[in-house]
Structures are given as C-alpha cells and as structure tokens.
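The paragraphs below lead through the structure one region at a time. Please keep the sequence and the 3D view at hand while reading.

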Amino acid sequence: MPQSKIPSFETLKALEAAPAMFLVLSVDFYILTASDLFLQATNSNRENIIGKYIFDAFSDNPSIKDADGENNILASLKYVVAHGKTHLMSVQRYDIVDSNHPDKFIVRYWEPTHTPIFTEDGELFYIIQSVNNVTEQILSRLDAEQSRDDNQANLQQVDALNKNLASAHDELIALNISLESDVINRTEELLASERKYRNVIEHSPVAMQVFRGKDMTFEIVNDAMLQFLGKTSDIIGKSLFEGVPEIVGQPIVEALYGVYNTGKPLEIYAEKVDLVRDGVKTAGYYDVIYRALYDHDQVAGVLGIAIDVTPQVLARQTIVESEARFRNMAEKSDILISLIDDKGQLEYLNNAWYILTGWSDSNLQTFNWENYLHPDDHADIMQRFFKVFEKQQDFVNEFRLLDSDGNYRWIRLRGTTRLNTEGDFIGYICSGIDITDEKQHFLEIEYINKALVHANDQLVNANLRLIDSEERLLTAFDAGELGSCTLDLKTGKADMSVRYRKQYGLPLEDDISWEMVLEAVEPEFLDEVNTVLHHAIEFGTPVDSTYAIKHLITGERRWMRVVGKVYQDEEGINERVNAVVMDVTGQKEDEQRKNDFIAMVSHELKTPLTSIKGYIQLLQHKTKNIAAFDGHSFVDKIQIQVKKMNTMINGFLNISRLESGKIQLNKSNFDLCALANDLKNEYEALITTHQIVYSPCSEFWVHADEDKISLVINNLLSNAVKYSPTNSKIYLQCEKVNQQVVLSVRDAGTGISSDDIPKLFDRYYRVQNEKTNIISGFGIGLYLSAEIIERHGGKIWVESELGTGSTFYFSI
Ligand code: ADP
C-alpha cells in the first residue's frame, strides 16, 4: 500500500465498532478498515480487505456485462478528492460474493456516500464510504413494478385473462401474504439490528454515547464514556445539560450541535473539555468523533466517540514548555550550547557560539568543520566524534577553533546523547567552554613543573653531594679526631658533637651552655678565651685559640685548639659561631719536648764548645809565652770534644734525614754476631765504669745496613751505661729464635714504668723522674733505633721493671 497519512489506531478501532456500515479509505482509495456492520453486510473479512485497493477487494460481478458500480464509485471518490466535499451517490448495484459459493454473487443494491475527513490543517486525511443496503427496497420496488406492469397487461387483457382471474386473484393473495411476512421479517431484523447496535456501543472499550433529540438526551452511554464524564448511568434519559451541567458554554457543545443541525460528521482532535469528576473540576483532552444519526431523512441524534489523549497532550505541552525553557536558557548562557541531530548535523547553536565564532544560523546545514578546526586537530577530532556517534556514547573533546577575530581558541566540548520519549537516539546536546586561558595556564604550569623537576633533580644531586661531603666531613672529623660545636651568640647555647663533649668531659646528652665549657678552661686561659669570643660577637673576627683545659671528669690537663667562623643572620648581625675543636695535647707536648730538646742541644753543644774555647785560649797563651810548648795533649782533648760534637750533630742530622725521607739503607751481607762482638770489644776499651758480659751466638748472616745496625747496638749499650749504676753489669746477648737473630742488652738500672714504655720510642720522649732528669740526653736515640730496625723489617721492644732494670731487644 502506498504511504499516506492514516488516522490513529484508536480512531480506526472506534470507527470499526461504530454502528453503521462504512469503509475507511485512504486518499488513494486503499482500505484502511471497515466497520463491523459493513463486513457483516458484505460477507467479508477485515483481514482480507485491509490494505487492499478498494476495487481489488470489491470488484464488479463479472457475469453482468454492463456492470458500472466500480466506475461510478471511482468517479464519486475522485470527485471527493478533487472537491473535498461529501458525495451522495444514487443507488448502485454492487453484488457481493456468496460466502457459501465463492464463485457466485448475491445481488446487492447500495446507497453509498463518500465523506472526506480533513486534518486540523485542512489536508484531506481519509475518506469514509458509508453505505446503506437498499437491496430489499429495490428488489421490492422492482417486484412491485414488475407486478404493476403485469396488472396493467392484465387489465389490458382483462378479458383475455378473465379466465385466469381467479388464479391471479389467488396469486395476488399469496403475494400479499408474502409481502406481509416480509414486513414482519424486516421489523424483526430491524429490532435485531437495533439490539446489536446498542450492544456494540455498550460493550465497546471505546467511550461512546448516543444523543437523541434537540435537547441531546442521553440515550446510550457506555461505561467508558461514563468514566470520562465522571457520571453514573443515572444520566441516561437526562438531557446533556442536566446530566453534565459543567459542559454548558464549552466549545464542544457547539460542535455537537453543529453536527446535529447540519448532519455533517465531525472529528476534533485534542479538544479540551472540563469535567467534574468526584466533585473535582478536571481538565482533559479528547479526540472526539461526532456522527449524525438519521431517522428516515431527518437527523434524530448524534453518535459521539471520545478518546482520552490527555497524557499525550500534557506530555507534548511539557516538551514544548521545556523546549522553550531550554532555548531561553541556552540563548542567555555564556556556555556554548548546541544541538546535533541523529545524522550528526548541527541543528542549533546558541548565541554564545555566534558571538565566539561569528557564524550565522543560515549556514548550519552546510556547515563544514574543516574550515574552522585547527589543521592539527581536525582529523583526530572528526575520527573521535564519528566513533562515539556510531556507538551513541557521550563524549568530551578538546580542540582549537577559529574565532571571529581569526585566532584559534581552545574549546572543551561535552556531548550528551539526546533520547526521545521512546528512548531512541536523536543526536547530542553539547555544552562547550572556552579553555584557552586554562590551556595557557596548563602549559605554563607544565613548563614550571619541568623547571621544578629539573631544579629538584639538581637539588637531589646537590643534596647527595652534600650528604657525601657531610659524610666525608664526618669521616675527616673522625680521622682528625675533631669535635664540632655551634655556639648561638644570642642565646649562649652551645650545640656540640659527642666527640667535643668527650674531649671536655661534658654531659653527652643534655643541653650545654657556654658557661659549662668555660668551667673546663684553665684559669690562666680564661681571659684569652673570653677575648676571642668577645671579638667574634662584636666584630665577627674568626676564632682561632689554643688553650689548656682541665678535663671535667678525669681532671687531666689537655690542650685544645678551637678554629671557627662567625655567621651572620639576614640582618647582618653575628648570630653563631661554627667551630672545630681538636685535642692538640700531643702536638703541644711534642712542641714542649722540642723546646726542651733545643734548650738541651744548645746546652750540650755549648759544653764541648766551652771546653774547646778554653783549650784553644790555653794553646794560644802557651804557644805565645812558651817557645817550646808541646800542645799535643790539648789538641787531643780538642779532638775528643770535636768528635763528641760531631757525633751529636750526626745524630741530629740522621733524624732530620730520617724525617725528610732522605736516609738511605746501604745494605750488605754481614755476620751480626761478629758485629756485636766487635762493638763489645770497642766498649770495653772505652768504659771502665761497667762490666759488659757478652753471650755470643754462632755466626748469623744478615742482609742489612751494617753502620746503622751498629748505631742501634751502640745506642742500647750507651743507654744501659747511662741509666744503670756504676759497677753494675751489662749483658749483651745474641741468640737465634725461629730463624731470626735476637739481640738484647740488659742492665740493672732504673727501669722504666709501664706508663712510659709505650712512649719510649717516640721522638724527643724522655722519662721524667728525679733520676733521669739529671742524666743528659735528647730523647732521640731510641726513636732513631726503632726507625732503623723497622726500616729493616725488624722489631724492637723493651721489657722493664722500675728499680730492677731493663732489657732492650731487637730482631731482624
Ligand atoms: P736519651 O738521650 O734521653 O737517653 P733515648 O732515646 O736514648 O734518649 O732514651 C729515651 C729515654 O728512655 C731516656 O731519656 C730514658 O729516660 C729512657 N731509657 C732509655 N734507655 C734506658 C735504660 N736502659 N734504662 C732506663 N731508662 C732508659
């Protein structure tokens, strides 16, 4: 069936049940539906005819050659289409198929009327072909005409037929009887049809009512209609205004009377009717169909059919209102609002879009994004859009768009799917915002962030270096046995390292004040320490001070050197001193020993020099005054003193060479036992104060510097002589132990305390006691000996007991 507008399903359903015979035709004469009575009268079935071209469903009886029903009806329909007017046709013969014998037709005469039905816009909507079955009347008339003709012929041939009068009379009586029975049948049929008609209305699910007479008395009102009206069946028999008083003055009444007065059928769509239901005035919207009901040729009443379309109307009103609200809001909004239809076409843009882009609504249909999107964004954005569009998903896209000034602006567009009331996808509603500034900030932030990351990396590196250098500093502090201290010049609070605290004997954990530090300082240094501190506070003078302290726990005297720097606060005020503290007791003592040593050297060198000076003066004097003076003995004495000085100076030279690394070992193979024996003999010749007892070993060859080893043995022997009483014995022993030769010198002298033993081989170290103080010496003999033995890879040590004597050993 070709597509044309058709009435709603409800309308068709209502029409089907209407108590009249009609076909509902599309404007191109296809059957939309037929009323139940029509189907009944034409022996047809609704399913077989709906959707068919009228003449395919109902064709002329082929056995009648000059059948013209089809042509006449077609002409009438065309007239209705052409003029938009109802067309009443004369009686038409249009036979119907005999349902018992489908190849046979039953004679039928009809009075068809074609009524055009229009839409609200006045457009032809559909055509109602209503028919009256006048077969009986026509056939009766034809029969009557036939019998009248027959009578006239009879009259004309009265004489001729006189003979047959009696039989004709009988026939007439029979005919009369037959006619009477026809009338009775027809009356019964009518009554049956009336019942059927009433039944159809009363049981129809569609709201229907029948008004009779001028005052519109309710004759039939079905339940559905009573429900609409909010009334009970009491209104039946009452007039419209009695039964439904609230209807007075409403437009629907005028429409109803229009149909009654003109007989013209009427259909009104979505008519607003106010009705009182349960005492409440309620507005409703109805599609209303009115059809005039005829009694003979006079309009006797109106059939009314109503379909409640209130929900649809209200829904439409809501949509219209919300649409209006949306537009109003969208137009005033700064947000870019747009609608895209289900084909992806721009349907609507709000004012904000036009202001930003300078576009106009005239070119929306032909709009091409490519002309406005940034070339770098176009392909990507379109691809993304079509992807979500296909899946009918929401989306958020960011892109650059040309604005009315020809600049690209960053837009963030959020699309939300639009669905109609049936839930079908009908496009997108989009909201967009200009995020150019945001993007700019983002780029700036990104840049700053990168810079920060870089700075942070550098900071981390610097920190690592700092940690590293701090560790190294700490290691250096540890290696140098340095304490550290920060003195807050404003509060006097001192922050000290553990080593510092230990150095002073201060508490290891609690806060320490500067006063507590000063308590340890020896009184003779207090002035100096305070002055240094005062200068630091006042003038920022760097701190470098060496002073003696009395260890707060042991009472031991220690020398401390503090070196520090003053740091200023932001206002340039001296706020703290960071200082390093070292225990310089060793250096101080070394220095002291050095000073003692120098004094002693001066003294020792002065003694032979004084002797030499005396001998030379004597020599001068004697050679001047005594002609034959033999100065030989003086020269010998001078020789001895010079030798003494030479030995002394050689000793000092050896030390300085040793310390500057210039001492050389001139190694050779020699027998150590033989060397010891030679030296013993040399000593015995030289000294008379002591007895040397020698225990020789068999020869033991070593590869060593013979002069230096003999210097070591000499030192040990001379010390034994120096530090043991006259006439005591000195034992020189040479023995082999584990493939090594061990040489020892034992005396029965003063002995050495266990405190002194570890320091004995230190440079300038001399045991300080009453006995040794009176014995001259420089504290370098053992130091030198130890250096020589160690450079040979050997070992030197002492065993001693105070007051008993000492034994010095070396092994190589
Ligand atoms: P010095 O020239 O003072 O003797 P040394 O280095 O030879 O220098 O000896 C260092 C110190 O060791 C001496 O001052 C002395 O106190 C102590 N000393 C060395 N040998 C002996 C010893 N045999 N008995 C006691 N004390 C000794």
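**From the sheets to the ligand**

Five strands make up an open sheet with antiparallel pairing, and their order is S10-S9-S13-S12-S11. The edges are held by strand S10 (217–221) and strand S11 (266–277); each has a single partner strand, so one side of each is left without a neighbour in the sheet. From one strand to the next, the twist averages 35 degrees. The model shown here is predicted.

Inside this sheet, strand S9 (residues 207–212) pairs with strand S13 (residues 298–308) in the antiparallel sense, over six bridges. Within that pair, Gln209 is found opposite Gly304 of S13.

Strands of a sheet pair through backbone hydrogen bonds, in a parallel or an antiparallel way.

Strand S19 (residues 482–488) runs antiparallel to strand S24 (residues 574–583), and seven bridges join them. Ser484 is placed opposite Val580 of S24. Strand S23 (residues 557–568) also pairs with S24 in the antiparallel sense, over nine bridges. For Lys565, the bridge partner in S24 is Asn578. Five residues separate S23 from S24 in their hairpin, and in the turn Gly572 has a positive phi of about 85 degrees.

Next comes another open sheet of five strands. Its order is S26-S28-S29-S31-S30, and the pairing is mixed. Strand S26 (691–695) and strand S30 (795–801) are at the edges with a single partner strand each, so one side of each is left without a neighbour in the sheet. On average, neighbouring strands of this sheet are turned by 15 degrees against each other, direction ignored.

How do S26 and strand S28 run relative to each other, parallel or antiparallel? They run parallel, and five bridges join S26 to S28, which covers residues 729–737. One of the pairs involves Gln691, whose bridge partner in S28 is Lys729. Helix H21 (residues 672–686) packs on the sheet and touches S26, S28 and strand S29 (740–746). The direction of H21 makes about 165 degrees with that of S26.

Helix H22 (residues 706–722) packs with H24 at an angle of about 145 degrees, and their axes are 9 Å apart. The crossing of H22 past H24 is left-handed. On the H22 side, the residues that meet H24 are Lys708, Ile709, Leu711, Val712, Asn715, Leu716 and Asn719; on the H24 side they are Gly781, Leu782, Leu784, Ser785, Ile788 and Ile789. By class, this contact of H22 with H24 has eight nonpolar, four polar and one charged residues.

The ligand is surrounded by 19 residues, and the closest are Asn719, Tyr723, Asp747, Arg766 and Leu782. Asn719 and Leu782 are also part of the contact between H22 and H24.

For Asp747, a polar side-chain atom lies 2.8 Å from a nitrogen atom of the ligand. With Gly781 a polar backbone atom is involved, and it is 3.1 Å from an oxygen atom of the ligand. Gly781 also meets H22 as part of H24.

Technical notes: Residues are numbered from 1 along each chain as its sequence is written. This is a predicted model: local features need pLDDT of at least 70, side-chain atom pairs count only at pLDDT 80 or more; totals for chains, interfaces and linings use all residues. Side-chain values use heavy atoms; hydrogens and water are left out. Two strands pair if DSSP finds at least two bridges between them. Helices (H or I, at least four residues) and strands (E, at least two) are DSSP runs, numbered from the N terminus. Axes are lines fitted to C-alpha atoms, for helices over the stretch in contact, and angles run from 0 to 180 degrees between N-to-C directions. Contact means heavy atoms within 4.5 Å. A crossing is left-handed if the near helix is turned anticlockwise from the far one by less than a right angle, and right-handed if clockwise. Ala, Val, Leu, Ile, Met, Phe, Trp, Tyr, Cys and Pro count as nonpolar, Asp, Glu, Lys and Arg as charged, and the others, Gly among them, as polar. A residue is near a molecule or strand if one of its heavy atoms lies within 4 Å of it. A polar contact is a pair of N or O atoms within 3.5 Å; within protein, one must be able to donate a hydrogen and the other to accept it, and residues adjacent in sequence count only if both atoms are side-chain atoms.
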